[in-house]
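Student: I'd like to learn how to read a contact between two chains. Can you walk me through one?

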Amino acid sequence: MKLLIKNGRVIDPSRDVDLVCDLLLADGVVAACEVNLSAPEDAEVYDAAGKWVVPGAVDLHVHLSEPTRADRETVASLSRAAAAGGVTTAVCRPCDDVSLDNIAVAEFLLSKNRREGLVRLKPVAALTRGLRGETLTDVGDLVTGGALAVGDDRAVMDSQVMRRGLEYARAFAVPVIAFPQDESLAAGGVMNEGFVSTTLGLKGIPWSAEEVMVIRDIILARMTRWRVHVSPVTVAGAVELIRRAKADGIKVTCDTSPHYFWLTERAVEGFNTFAKVSPPLRSERDVEAVKAGLADGTIDAVASHHVPLSVVDKDVEFDDAAFGISGIETYVAVAYTALVAGAGMSPADFVRLISAGPAKLFGLPGGTLAVGAPADVAVLDVEGASVITAASFFSRGKNTAFDGVEVGGKPALTVVGGNVVMRDGKSALSPNPALAT
Amino acid sequence: MGAEVTLVGPSTLIPPGVDQFRVRVATRIEDGIAGADVILLSRVEITDANRLQIPSLREYARFYCLTPRRLALAADDALVLHSGSMNRGVEISPEVADYAFPLLVQQVTNGIAVRMAVLYLLAGERE
């Protein structure tokens, strides 16, 4: 199938392109990107006038719960939500429901996505068995099975385990993803520690819980000469530690998520469980530091940190509520609104954070509109405004902290492997044949 | 003694600074044994001391077991030796173990004589 996206503003930082022109997609790849392309006879034409045409978002941080929890996110529901959010590659991480510590689980998810998916799905495997932080998983086995990185998505508290994990992963050339939260400092905490937690009478998680782990993991990256990817970064001190480590040539990269640069801990006031997330929402000062880190390239990527939960997980007392925000459907628009519309970030820098940057970090498909690259494209409506409505999410997780918020930059079209998987907010109903091969 | 030595194993088992012995280090067995005249294997098992360094014996075997296919990368008629007490299917495949067996018997026999000589020297070598 051929698709000609006409008159959009094509923003492709991988080639320093920012130009109103036409983009022709054919046979699953980018066929041409020029001014005034004439449509081949068999091509469908999409008018993108006034919109941005960008490489699809590469989301480094999503969770799903298939096959363990029937009431939570499945491969199919995640895929429809991703398509609605302008995401063309979703990277799923281990969690309690799906520990991804053996090759059978990784291959199940990949085969399920081939049969039911709309967007590309790539797994991160666990670093330790059962996410217990004690012994390493069969990292080599998992990498040959398709895992692009290893990491437990929770802190590996034993430094020797982390050190050995880095050494072992180095031989298989995959980065280790580190979750920066010291469990002993964070124990029992449900929100950021400070005046707001005191006012609400809730137990806090201090900023130091993050900085302690970030500095330890920077030291281990230096010792093992291997890549640590910190995910997510939420406090000012951690941004600064990573900035300095990068300047010293240490192999450390990081990402963050829109709720860490749009919302503060005050979103929790009123005991709003939809603002309960791990790591917790931080202070105004941290929000500004995260934005500065995004602006100067210290932070390499913006990910959704999509944790889809059911109503029973959230409609309970604050202490008992589960951590997490459902974000894959909204994070591109939220990030656009906060960074480009709100903070004057350049379009190229924004696209780098949501697409080119994360694709490059992990060697993922997408992130570029170079001729011959996979036809993974998102069209963003940057002129219109829309209101986020949790009830209409494709995701099974309606647990957003952004319900009712007006945003710009909403994805109007998502294309994966040359096939349209979302148009005007409607996700495709049948699986994407481009994924079957 | 003039030999060019390559140490092969997962990076977690490579001792720090070992390259200062003028030993080449490889983390892929295919890289390490290419063209080798002699391959000396070590018994691999998981103990309390190394449980953080080897994820599992299955994983170790997948990436480091000396199989006929990997042995074919070494020099023709390469000698396969073993430090003793083979773990078949871990560091050495059953096929390679059977192939190497006659030489290993000789290695073990020689080992007895060498140990006896060492003990004799250490004991003071008096008539």
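**Reading the interface**

Tutor: Here, 18 residues of chain A and 13 residues of chain B take part in the contact, where contact means heavy atoms within 4.5 Å. This is a predicted model, where local features need pLDDT of at least 70 and side-chain atom pairs pLDDT 80 or more, while totals for chains, interfaces and linings use all residues. Residues are numbered from 1 along each chain, chains are lettered from A in the order written, and side-chain values use heavy atoms, without hydrogens or water.

Student: How much area is buried between chain A and chain B?

Tutor: Interface size is often given as the accessible area lost when the parts come together. With a 1.4 Å probe and the loss summed over both parts, it's about 1,400 Å² here, and carbon and sulfur atoms give 52% of that. Asp141(A), Arg164(A) and Tyr168(A) supply 35% of the area chain A buries against chain B, more than any other three residues.

Student: How many salt bridges are there between chain A and chain B?

Tutor: Look for a side-chain nitrogen of Lys or Arg within 4 Å of a carboxyl oxygen of Asp or Glu. Chains A and B share 3 salt bridges. In one of them, Asp141(A) pairs with Arg58(B), with the closest N and O atoms 2.9 Å apart.

Student: Which helix gives the largest share of chain A's side?

Tutor: Helices are DSSP runs (H or I, at least four residues), numbered from the N terminus. Helix H3 (139–144) and helix H4 (159–171) of chain A each supply at least two residues to the side touching chain B. The largest share, 7 residues, comes from H4(A).

Methods: Buried area = accessible area lost by both parts, 1.4 Å probe.
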